[in-house]
Number of protein chains: 2
Amino acid sequence: MEHPENSTEYAGLQVNAGVAQPAIVNPYLSSMRKKRHKLFTAGEYVEGILKGDVSMLSQAVTLIESVHPDHQVLAQEVIEKCLPYSGNSVRIGISGVPGAGKSTSIDAFGVHLLNNYGGKLAVLAIDPSSEKTKGSILGDKTRMEKLAVHPKSFIRPSPTAGSLGGVARKTRETIILCEAAGYNHIFVETVGVGQSETACHSMVDFFLLIQLAGTGDELQGIKRGIMEIADGIVINKADGENVEKAKLAASHFRNALHLFPMPESGVMPQVLCYSGFYELGIDEVLKMIFDHIGKVKESGYFQYKRNEQSKYWMYESINEHLKNNFYYNKTIKELIKPMEDDVLGGKITSFVAAKKLLDEYYSMLK
Amino acid sequence: MEHPENSTEYAGLQVNAGVAQPAIVNPYLSSMRKKRHKLFTAGEYVEGILKGDVSMLSQAVTLIESVHPDHQVLAQEVIEKCLPYSGNSVRIGISGVPGAGKSTSIDAFGVHLLNNYGGKLAVLAIDPSSEKTKGSILGDKTRMEKLAVHPKSFIRPSPTAGSLGGVARKTRETIILCEAAGYNHIFVETVGVGQSETACHSMVDFFLLIQLAGTGDELQGIKRGIMEIADGIVINKADGENVEKAKLAASHFRNALHLFPMPESGVMPQVLCYSGFYELGIDEVLKMIFDHIGKVKESGYFQYKRNEQSKYWMYESINEHLKNNFYYNKTIKELIKPMEDDVLGGKITSFVAAKKLLDEYYSMLK
């Protein structure tokens, strides 16, 4: 059962079972994985997952990430069976620009969390660029030295899926499996590129933004729109000579946050300083997160937000597929640029151009 | 030629020429206008518009706003013929919360602009809620006393069109006619509701945000995302005892703006104080706007932005129609809520739900 976004069925092409989707249809789709794993039955994966068997969980997640149609069918079965056991976790999104020290911070946050709060922790990542770079520094175990060897942690690099929508879907499905396996804390790491933060924010209960203090009075430029979705902002590298700059940066952010209305959560975002490398202020950051969670659980906003997110992903999937089906259509792909040129050349209005393309598209579907 | 967004052709229904679209298909569509105007030929409208005949311009704009299919065909002809004469203007978006004093401000800005810069000024509005309120306070001539009687001004309330996309389209088409009629300055007014600012921002060269100083240190809450798209922020009612509060508010906004990177325009947004009612600081506001325009014209960003906007509206129209065709589909409308409930009840994932709905939809199109 292919994800509608990736399916080419609707464009009239049939994808043969057992053959990886040809790159010509979706140029960004990664090639079929070369490694061959022994495949278990869906029931066997689920049984292992529910027991907390890390190896089974890991192989099941690999199924989710696979583009092989047979793997996808099996993965969906496993997900469906795990769904009733999912949901019982706190999902925390962690974002920051490259160089902000995310890996070191996640390492510190993760270890302190497991020591102080118990339970288990899964660390996932959303990084659509991993396709191009053939590997992501997110979820890179070598950069999370302590967490990587902790028996209660499960770390996974970002899936590759040819599009942000695909990556987001697979991450969300992976969360389901992790929760079924008893991971009651989930970190979802992302970089500040494109719409990654929006996708990350739409699947977590708390969105943490890692910032750095700039040199002098300058603050690192931050992508527009991020400040408003952060549930908490933390300034890293508040150590040694950098402490005063970090505190100044924190006060700038606090002032800026007051220009915005109270968030829907009813909890005002806080700004804290910490040092991931020297492990200073870590417990305060965790307390901020869990205090927030406590409040929104009590107010009912926690469950409300989860419901809204579930609906969001349904509509987002539909909308993405409707667009892909149009824009990847062979004829439309040829007509779009000339039509753009006519618009830019002042020959037709944007709206007339849109209608011409849509007329063409719908006549082909019939 | 109906706008794809409003056409029901694609859902398999035929709309009879001459009959207003039945409300059952699009519940938000306004009913056909009752007044009957004498209709001219497209050539006659265009001739009048190019001569700057306000009555002909006004009647042509009424055609654009009409949902009558015959009127729409005629309107599109007029627009097509006017297109080569359009573009030669400065388009300024003006937004602010209700109570910010937009009408009074536009009155002052408009009169000072005409006196100091010459030319002609058209004042338009984007207000999708006007459908429900049966009339908009935006573009309300009674609230722009001086401008309403100025021989070089043309004021028009927001079109009603059943959706923001429809309103935005008609406004953009109206701009084409106004520019062909020699209006080299265009104000587009909008309220801070829904996505109106985004639509307004996507059709203007400069986006001006009107703010008020709050009581004491509080600032009026501002909608998230607006601060980043404003090319200039102006604090109104900086008069009498309120001057100090206004200046304080201005400095808060200036500090907040520095947390964001330099905008694409290459021109840092300014924050100024003024009083629309007492006409203080008006010329400084206008100077800020025209200085900005001068810079972006020189850098080439002005034309680049206009091209991006033209492309944006083509893609936006396509995407809106693709979605409307799906979500207004009779069968889909019945299936959506139960599917949502299954997702929220944890029976299926968001993605599986999306696929089921899409499968149903495409099988119907064939």
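**View 1. The open sheet of chain B.** In this predicted model, chain B holds an open sheet of 7 strands with parallel pairing, in the order β3-β2-β4-β1-β5-β6-β7. Strands are DSSP runs of E with at least two residues, helices are runs of H or I with at least four, both numbered from the N terminus, and two strands pair if DSSP finds at least two bridges between them. Because β3 (153–155) and β7 (270–273) of chain B stand at the edges with a single partner strand each, one side of each lacks a neighbour in the sheet.

**View 2. The pairing of β5 and β6 in chain B.** Strand β5 (residues 206–212) and strand β6 (residues 232–236) of chain B run parallel and are joined over 5 bridges, with B:I210 opposite B:V234 of β6(B).

**View 3. The interface of chain B and chain A.** The contact (heavy atoms within 4.5 Å) takes 63 residues from chain B and 64 residues from chain A. Between them the two chains bury about 6,000 Å², 70% of it on carbon and sulfur atoms, where buried area is the accessible area (1.4 Å probe) that two parts lose on being put together, summed over both. The elements that give two or more residues to the side of chain B that touches chain A include α3 (69–82), α7 (164–180) and α12 (301–327) of chain B, and α12(B) gives the most, with 15 residues.

**Notes.** Residues are numbered from 1 along each chain as its sequence is written, and chains are lettered from A in the order in which they are written. Local features need pLDDT of at least 70, side-chain atom pairs count only at pLDDT 80 or more, and totals for chains, interfaces and linings use all residues, while side-chain values use heavy atoms, leaving out hydrogens and water.
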